[in-house]
Amino acid sequence: MHGLPLLSPPPEEVTLTRPPGAARGRTASGTRFLTARLPPGHVTTRYGIPVTTIGRTVVDLARTLPFAGAVAVADAAIHRRTGKTLLAGVLADGTRSPGTDRARRVLAFSDGRAASPLESWARVVFAEHGLPAPDLQTRISVLMDGEYHDYRADFCWEDRKTIVETDGLSKYDSGQRAIDQLKRDRQLRERGYKVVHVTWADLRDRPQVVIERIRRAFAAATAY
């Protein structure tokens, strides 16, 4: 309803919230009812249907989703200018709700500079394996074909001269884009950076391999 991304498909079950004391009526198949008093500021309308606001939705998902999935939602909301202050205010309105501590952790980790769910997931994997926090969307100027071009690296550890690029499903949807990426990587490496590419399959099937590749890049840059 709000266009927020999810790392995994949503459950087929729909969750509806009813105020305390409301008549229960019939329970429809595939519907889960919760009882809670929603502040007026936590409710809006989408497509003519009353729904929780983006802020309340993010906080509720932060309480219930696995950490990486919750971070992907929070990052996307903040990227769309739903500020952390607003999310913190929504969370403060429901401090007695289950999962509040979990939601606080999600909001503390979230970063609106993450430009895709894949980047959000990668940040979580980096942190879980003890990597230092990278800078996001780092602007780097490189010389290409006699001209300087500014590029943004998804993740950069400047002190270790290491860049990580997340490769989504559409990143190389044309031959020219793939060629441009190869040129860009070559110029970055000539400037002393190690460049590591990470895909959805890498994070899903072999996260430890990803971490080892990054650690090798750290070590090579330090040795250099």
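A residue counts as buried when its relative accessible area is under 20%, as exposed when that area is over 50%, and as partly exposed in between, using a 1.4 Å probe and protein chains only. At 78% relative accessibility, Arg81 therefore counts as exposed.

Before we go on, a word about the model. It is predicted: local features need pLDDT of at least 70, side-chain atom pairs count only at pLDDT 80 or more, and totals for chains, interfaces and linings use all residues. Residues are numbered from 1 along each chain as its sequence is written, and side-chain values use heavy atoms, leaving out hydrogens and water.

Arg81 is found in the loop between α2 and α3. Helices (H or I, at least four residues) and strands (E, at least two) are DSSP runs, numbered from the N terminus.

Now to the inside. A nonpolar core is a set of buried Ala, Val, Leu, Ile, Met, Phe, Trp, Tyr and Cys residues joined through side-chain atoms within 4.5 Å. The largest one here has 39 residues, and Val58, Phe126, Trp157, Val164 and Ile214 have the most contacts inside it. Helix α2 gives the largest share, eight residues. Contact means heavy atoms within 4.5 Å. Beyond its neighbours within four places in sequence, Val164 is in contact with residues including Phe126, Trp157 and Ile214.

Asp185 sits in helix α6 (residues 175–190) and, at 5% relative accessibility, counts as buried. Not counting residues up to four places away in sequence, Asp185 touches Val195 and His197. A polar contact is a pair of N or O atoms within 3.5 Å; within protein, one must be able to donate a hydrogen and the other to accept it, and residues adjacent in sequence count only if both atoms are side-chain atoms. The side chain of Asp185 makes such contacts with the side chains of Gln181, at 2.8 Å, and His197, at 2.6 Å.

Finally, look at a helix pair. The axes of α3 and α4 (lines fitted to C-alpha atoms over the stretch in contact, with angles from 0 to 180 degrees between N-to-C directions) come within 11 Å and cross at roughly 175°. That makes α3 roughly antiparallel to α4, a label for angles over 145 degrees, while those under 35 are roughly parallel, 65 to 115 roughly perpendicular and the rest oblique.
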